[in-house]
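The sequence and the coordinates are shown first.

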Amino acid sequence: LVEFSNSCLFPYESETRQTKSLNGLWSFKVINGSSLTPLLEESDKDVIKMPVPSSFNDITTNPAVRDHFGLVVYQTKFFVPMSWKDGRTRVFIHFGGVHYLSHVFLNGIKVGTNKGGHLPFEIELSANLKVGANILTVNVDNILTPDSLPQGKTTNEKTDWSAKNVTTYSHNCDYFDYAGINRPVTLFTTPTIRICDVEIKTTYKDGRGFIQYSIDDCEDKPNSCEVRLYDKNNEFVTSESGPSSLGTMVITDVHLWWPIMSKHSPGYLYTMEMNLFGHDNSTVDVYRQPVGIRKISWNSNSLFINNEEIYLRGVGMHEDSDLRGRGFDNVILARDMNLMKWLGANSFRPSHYPYAEETLNEADSMGILVIMETPACSLDQFGDKIRQEHDRILKQMIKQHKHRPSVVMWSLANEPQTDKNNSGEYFSHLFQVAHSYDKTRPVTFVTSQGCKNDKAVKYMDVVCFNRYKAWYERPGRLEFIKDMIKHEIQLWHETYSKPVILTEYGAGSLSGYHSLPSTMWTEDYQVNLHEEHFKAFDELRGKGLSGEMVWNFIDFQVPQEYNRPGRCSKGLFTRERQPKAVAHVIRNRYHLLAEES
Ligand code: GCB
C-alpha cells in the first residue's frame, strides 16, 4: 500500500471523537492588495457578513465582490468545551474545500496553508486553542495562474484611452469560477494517539469478500488495532486484530456493491469499525469507515463491475446553484440525487474537479458510478511547473477518494490541448503516476481533439471524448448527427481497440423557448438533437461504446460573454432544478436501457 500525505478522513463523530460545525454567518472583507490579514477588525466599515459554506460572488449586490480576483478574508469566533483543553484531546479543523489558496490563522497565529480548491484539508489547532473565545481567520486568494489547476492568467495592457494599464483576469474554464469557503468547515477532536488515515483495498472470489486494510496512526511505533466489520443492518460480520495495523478481513457470503438500477440491490456498504489501542492496550481511538466490495475490470471493448458488463447512462455536472455558486448545500444535494434517480442515470462525471465529500458519500451509498476528474480543465501548455502541480493534485485526489466504491475511473483532465507535440509524453507520465497508486481502476482523460490529431489518448485505458454534433460542429444540421457521431465513435474504437465513452454531447436550450420545426436554442431542437444521437448509440452499444453522458445535468453559470445568456444552457434541468422537455426524453431512454441491462 502506498503512502503520501495530504489526504484526510471524513470528520465522522464516534465515542472517541466529537465534532462541531463552524458553518454559519462569518465576517468577510474584500482585500485590495497582497498583504495577509491575521486578524480582521470587526469594527472595520468594510466588513460584511458572508455565509459559510457558499461562494462569495453572488451574495452581495456589488459587482466588485462578484468579480473580485485576489484576496478576501473570512473570520468567525467560536468556543470549545473546557474538556477539549484537558491536555489529552487534540483538536483539528476540517475544510471540505476552499477555493483556491488559503492561509489559516487561529487567534492571529498562522496555523496552515492549502493550495487547491476542490479537495478537503485538515489542520491541527490544539496548540493555539484558548479557553474562551477563539478567532479563526481565513485569507482566501482566488487568483489562478498558468501553473495552477485549473489555469488562469492576468494580463496588463497599455491602451491609448487610459493612463493606467488595464488589467484583465481570465481562466481556462467556461464555467464561472466561484470562490471562497465553498464547503463545510468542521472542528473535530481525537485522542492524543489517533487514527489519522486508512487505506482500503477490496476484492472477492468464490463468494468470499476480502478487505485489505492499512491503518495509519501517524506514529513511528505503530499501535495495535482491532477492526470489526458490520453489515448494512449493523450486524457483526467478522473482526481482525493483531499487533499490527495491517490486515485482511475475509467475509463469507459477501454482499457486493452494485450500481443503481442493475439486477442487484445497489450501493451495499459495510461499516469498518477501527479500534486503535494504546501501548497499554486500552482503546484510544475509534473511527468508522463505510466500505463497498466490488471489482472493476475492462477489456478492449467494455467495462465490467463484478464481471458484469456496465454501460454508463450518465451526465456531466457542475457544483452550481443560485446565490450559493459552488457552495455546498444539502438541499441542492438531495434534490440533485432525487433527479438522478428520476432520470434513471447510473453515473456522473464530477466535471471538472472533485466534488464535495458529502456528494460522493451519497454516490457511494446510492450506487452511482463516478468518473473522478482532476481540476485540469483545458490545459494549454505542458511545462515542468504545471506537470509538478498536476502530479501533486492527482496523487492527492487518488489518495483522498481511493476507498470509494463509486469511483469507477480516474480522469486526468478535461479537454487539454493534446494535439500539441509534448502532450503525449505529459499524459503518459500522468497515466503511470495514477496507476502507480491505483491499479484497480482504469485511467483516462477526456479529449476534445479528433482521433487523427490527438497525441495522448493512445496511452489511456479508455477513450473518453466530447463532441457537439449539430451544435459547434455543423450547427443546425440535425440530419447529419447519426452518421457523424457513429463514424467518430467507430474510428476511436477501431484505432485504439479500447472502450469508448462519449462524455459530453448536447445543445443549449432556453427553457420555454419553442419552435416547430425546431431551431437551435429551442427545447425542441435540444430534444431532436439528443434523439438523433440515440440512433447511433443504439447501433454501437456493447460494440465498443461503453457509455453516453449528457452535457449537462443543469444550466450553469458562465463568465459574462456575448454568446451565452448568463448560463451554459445545455442543462436537462434549469438551474432551479426543474425539467426541460429533453429531461423527459432522457428519462425514458435511461429507464429503458436500465430494463434491458
Ligand atoms: C466542452 C467543455 C465543457 C463546456 C461545454 C460547452 O467541451 O468540456 O466544460 O461547458 O463544452 O457547453 O461548451
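Predicted model: local features only at pLDDT ≥ 70, side-chain atom pairs only at ≥ 80, totals over all residues.

## Helix packing

The axes of helix H4 (residues 384–401) and helix H5 (residues 423–437) approach to within 10 Å, and they cross at roughly 25°. H4 is therefore roughly parallel to H5, an angle under 35 degrees being counted in that class. The crossing by which H4 passes H5 is right-handed.

A second pair is formed by helix H7 (residues 523–540) and helix H8 (residues 581–596), whose axes come within 8 Å and cross at roughly 25°. H7 and H8 are therefore roughly parallel to each other. H7 passes H8 in a right-handed crossing. In general, two packed helices are described by the angle between their axes and the distance between the axes.

## The catalytic domain annotation

An unreviewed UniProt entry places the feature "domain: Glycoside hydrolase family 2 catalytic" at residues 301–592. Over residues 301–592 the chain is 35% helix and 18% strand.

## The parallel barrel

Eight strands close into a barrel, in the order S25-S26-S27-S28-S29-S30-S31-S32, and their pairing is parallel. From one strand to the next, the twist averages 25°.

Which strand pairs with S25 over five bridges? The partner is strand S32 (residues 545–551), and S25 itself covers residues 312–316. This pairing is in the parallel sense. Within the pair, Gly-314 stands opposite Met-549 in S32.

## The sugar binding domain annotation

For residues 20–191, the unreviewed UniProt entry gives the feature "domain: Glycosyl hydrolases family 2 sugar binding". The chain over residues 20–191 is 2% helix and 45% strand. The end C-alpha atoms of this range are 16 Å apart.

Strand S10 (residues 134–141) is joined to strand S4 (residues 71–78) by eight bridges, and the two run antiparallel. In this pair, Val-73 stands opposite Asn-139 in S10. S10 also pairs with strand S7 (residues 101–106), in the antiparallel sense and over six bridges. Here the facing residues include Leu-106, which stands opposite Leu-136 in S10.

## An open antiparallel sheet

Four strands form an open sheet in the order S18-S17-S20-S21, with antiparallel pairing. Its edge strands are S18 (236–242) and S21 (283–291), each of which pairs on one side only. Neighbouring strands of this sheet are turned by 15° against each other on average, with direction ignored.

Strand S17 (residues 225–230) pairs with S18 in the antiparallel sense over six bridges. Leu-229 stands opposite Thr-238 in S18. In general, the strands of a sheet pair through backbone hydrogen bonds, either parallel or antiparallel.

## The ligand shell

Which residues surround the ligand? They are Asp-174, Asn-414, Glu-415, Ser-448, Asn-466, Glu-504, Trp-551, Cys-568 and Lys-570. By class, this shell has two nonpolar, three polar and four charged residues.

Asp-174, Glu-415, Glu-504 and Lys-570 in the shell count as charged because Asp, Glu and Lys belong to that class. Trp-551 and Cys-568, also in the shell, count as nonpolar because Trp and Cys belong to that class.

## Local backbone geometry

A cis peptide bond joins Val-52 and Pro-53, with omega about 0°. Pro-53 is placed in the loop between strand S3 (48–52) and helix H1 (63–66). Another cis peptide bond joins Leu-149 and Pro-150, where omega is about -5°. The position of Pro-150 is in the loop between S10 and strand S11 (152–157).

Where does Asp-253 lie? Asp-253 is in the loop between strand S19 (246–251) and strand S20 (270–277). Phi of Asp-253 is near 50°, which is a positive value in a residue other than glycine.

How values were computed. Residues numbered from 1 in each chain as written. Near = placed C-beta within 6 Å. UniProt positions renumbered as here; feature names shortened; annotations may be inferred. Pairing = 2+ DSSP bridges. Axes fitted to C-alpha atoms, helices over the stretch in contact; angles between N-to-C directions. Parallel < 35°, antiparallel > 145°, perpendicular 65-115°, else oblique. Left-handed = near helix turned anticlockwise from the far one by under 90°.
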